[in-house]
Each structure stands twice: as C-alpha cells, then as structure tokens.
Amino acid sequence: MASLLKDLYSPAFYDRLSNALAVSIPKFDKEKFIKAIFIPEFEAKELKERMRHTTEVLHCFLPQDYPQSIELIKKTITQLRAQGIGEDGLAYMFLPDYIETYGINDFENSVEALEFVTQFISCEFAVRPFILRYGNQMILRMQQWSLHESHKVRRLASEGSRPRLPWAMGIPFLKKDPVAILPILENLKTDPSEYVRRSVANSLNDIAKDHPEVVLNVVKKWSGLSSDTDAIVKHGSRTLLKQGHAAILKHYGLDDKGILLKDFKILNPTIKIGESLEFSFSITNENPTGQKVRLEYAIYYKKQNGQNTKKVYKISERLYPPGAAVRVIRKQKFVLITTRKFHLGDHQLSMIINGAEKERLHFELTA
C-alpha cells in the first residue's frame with residue numbers, strides 16, 4: 001500500500017504546495033524548491049521517506065529562527081485553505097513532522113503549533129516525542145486540549161496520548177501507568193463528536209492490554225450514563241471480550257450456560273492461499289429465558305516456527321429467545337495482504353460462545 005501512497009507526493013502536489021509557499025514565504029524561489037525536491041533519489045523513496053525529504057527541503061527555505069518558521073507555516077496553511085485545499089490530506093503530514101523534527105527543544109512554540117496544525121492535518125504522531133521528552137508537562141497541556149473548542153484538538157488529546165497508538169512510537173511510562181491520561185478520557189467521554197469518542201474507546205482498549213482492572217473500573221463507572229458512553233466502553237472492552245476476560249463477560253451478562261454448539265464442521269478442510277475457508281454450525285439456547293449470545297471464532301494461524309498464533313473474529317452479539325436455534329454459515333478469506341503472511345500446513349478453527357472456547361477443528365492450507 002505504501003508504494004501507492006507515496007505517489008501522493010507527486011509533481012501536481014508540489015506545484016500546489018509551492019504556489020502556497022510563494023505567497024506565505026518572502027522571496028520564495030519555486031523553481032529552486034521543485035528542483036530540490038526532485039533529486040535523482042526521489043523516485044526510490046517510500047512514503048515516509050518522501051515526507052521527511054519534504055520536511056528537510058522546506059527547512060532550507062524557511063528562516064533559521066524556529067518561531068518565525070512556525071508563523072510562516074501557519075500562513076501557508078491559511079493560504080492552502082484559501083486555495084480550496086481541504087483538511088486532513090495525508091500528504092501534508094510533513095507539517096507535523098517539521099514541528100517534531102525541528103521544534104522538540106522549544107516546548108511552548110511547538111505545542112502552540114501542534115494545536116494550530118492539527119486542525120489542518122492530524123498531529124497525533126508528532127505529539128508523541130513531546131510526551132516522551134516533557135512527560136506530565138505535555139500530558140497536562142493535552143488535558144487542556146481536551147476542553148478545546150475544536151474537535152480535532154480534542155481528539156489530538158486522546159489519540160496522541162494513547163499508550164499503544166498503531167504505527168507510532170510507544171509511550172512506555174503510560175503503558176506502565178496510564179493514570180495520567182484518565183482525566184483526558186474523563187473530559188471526553190460525552191464529547192459531541194463521534195470522531196473523538198471513538199478515539200477515547202481506542203485509548204481504553206490500549207490500556208486494557210496492560211491494565212485490564214483500570215478499564216474495568218471505567219466500564220463500571222461510565223456504563224449507563226448514556227448510549228454514547230455505553231458505546232465507548234463496549235468498544236474499549238473489545239480486547240478483553242476477545243480474551244474471554246471473566247469480569248467483563250460477567251458485566252455484559254455473557255454466560256455460555258445452556259447455549260449449545262451443534263453440527264460444527266468445516267466444509268472445505270483443504271484450501272489454497274487465495275481461497276476462503278467455509279464452515280457452518282448451529283447455536284441453540286436451551287435456557288428457559290432469553291440469553292445474550294456473543295459469537296466469535298478463532299483461527300490458529302501457523303507461524304514460521306511451526307507454532308500457532310490465535311486471532312479472534314467476531315460474528316455477532318444479540319439476544320437469543322428461549323429455545324431459539326440458529327444455523328450459521330461463514331467464510332474466512334485467506335487472501336495475501338501486506339500485514340499477514342501465511343505459512344502452509346495445519347491450521348485450526350474454533351468456535352467461541354460468550355467468551356468460552358468450544359470445539360476446535362483442523363484444516364490444511366496449501367499453495
């Protein structure tokens with residue numbers, strides 16, 4: 001995917017960018033800028049390399065004085081907007097990168113810049129070196145951001161402080177003890193923006209991987225406050241639910257007693273890479289009352305060392321009336337993607353009912 005995304009940094013992109021820079025930066029030389037961008041090595045650079053290259057070239061055209069450079073970057077963003085260029089364009093991630101690269105030693109100017117720039121392009125990655133460098137000083141500023149009028153700044157507070165933000169550097173002290181970011185999440189639990197609330201849920205899910213008891217306390221505290229907070233804690237509990245964590249299953253009334261798995265079978269026990277595994281089963285509620293049923297299945301993927309790694313997939317979660325019997329047929333694709341490599345040989349498939357793993361079957365993956 002990166003090999004396609006890198007083409008965001010195209011001649012047309014740099015033409016638009018340099019037109020804006022020509023307005024915002026005194027004596028800006030567009031021809032010189034374009035020439036500095038398209039060096040012989042440019043074509044071989046991947047997405048992040050092109051981003052950093054853009055950052056470094058831009059630095060050569062901005063003043064040595066960092067606060068002055070930031071003011072010109074702000075003017076450039078204003079000019080880009082005036083040209084009708086919308087927010088959140090991925091190619092503009094070099095702007096947060098500029099702050100991260102050249103402003104790490106200037107806390108006040110950089111933090112104010114992050115607050116401004118994130119309203120044009122998210123600074124969730126760029127803020128993390130500042131958390132690592134400045135610790136609670138940065139967290140306290142993000143707590144202030146959680147009350148900001150802009151939903152994008154509020155989201156930066158929650159998303160940027162996630163202990164395990166994907167594709168970003170981890171924050172070890174928050175993995176060890178997340179208590180510092182709980183006031184941020186508390187401020188945002190009833191945020192009017194779903195964009196922000198989903199970020200809160202993702203932060204809770206990060207915390208759950210290291211401190212399930214912290215998330216369980218939040219779940220108990222927030223549950224029932226509103227449909228929005230209920231959605232946050234449910235999404236934030238997804239890892240605990242997939243792990244079959246007893247306390248979270250109990251909280252959501254997920255008990256497998258009287259819920260029977262029948263006729264579980266793999267319809268094509270030998271498949272090739274690129275095909276789909278097909279399986280079927282029946283679920284019966286033999287309880288005299290209705291029961292909430294969370295259905296999941298696990299694939300035990302074969303690893304290179306011959307061991308298996310388990311990944312859980314959700315099917316559904318709903319109320320089954322007493323005596324209800326439902327037959328289900330599912331498919332699981334084995335199509336090659338950049339984030340997963342398949343290894344040939346024996347794999348396993350199991351069914352999970354309300355967190356309890358049931359029967360496990362074998363299937364063979366071939367070339």
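Before I start on the sheet, a reminder to myself: two strands pair if DSSP finds at least two bridges between them. Also, this is a predicted model.

Entry: the sheet. I traced five strands in an open sheet, ordered S2-S8-S7-S4-S5, with mixed pairing. S2 (270-272) and S5 (308-320) sit at the edges with a single partner strand each, so one side of each has no neighbour in the sheet. From one strand to the next, the twist averages 30°. I then checked S4 (residues 291-302) and S7 (residues 345-353): they run antiparallel and are joined by six bridges. Ile299 stands opposite Leu349 in S7.

Entry: two helices. I looked up how H5 (residues 66-82) packs on H7 (residues 107-117), and got an angle of about 5° with the axes 11 Å apart. Angles under 35 degrees count as roughly parallel, so H5 is roughly parallel to H7. Among the residues that meet are Ile70, Ile73 and Ile77 from H5 and Ala113, Phe116 and Val117 from H7. Sorted by class, this contact of H5 with H7 has eight nonpolar, three polar and two charged residues.

Entry: aromatic rings. I got a count of 23 aromatic pairs. Tyr98 and Tyr102 make a tilted one, 4.8 Å centre to centre with 50° between the planes. They are four residues apart in helix H6 (residues 94-102), so about one helical turn separates them. Which is buried, and which partly exposed? Tyr98 counts as buried at 1% relative accessibility, while Tyr102, at 28%, counts as partly exposed. Phe279 and Phe281 form a stacked pair, 6.4 Å centre to centre and 15° between the planes. Phe279 is buried at 0% relative accessibility, and Phe281 is buried at 0% too.

Methods. Residues numbered from 1 in each chain as written. Predicted model: local features only at pLDDT ≥ 70, side-chain atom pairs only at ≥ 80, totals over all residues. Heavy atoms only, no water. Axes fitted to C-alpha atoms, helices over the stretch in contact; angles between N-to-C directions. Parallel < 35°, antiparallel > 145°, perpendicular 65-115°, else oblique. Contact = heavy atoms within 4.5 Å. Nonpolar A, V, L, I, M, F, W, Y, C, P; charged D, E, K, R; others polar. Phe/Tyr/Trp six-rings, centres within 6.5 Å; stacked < 30°, edge-to-face > 60°. Buried < 20%, exposed > 50% of the residue type's maximum accessible area, 1.4 Å probe, protein only.
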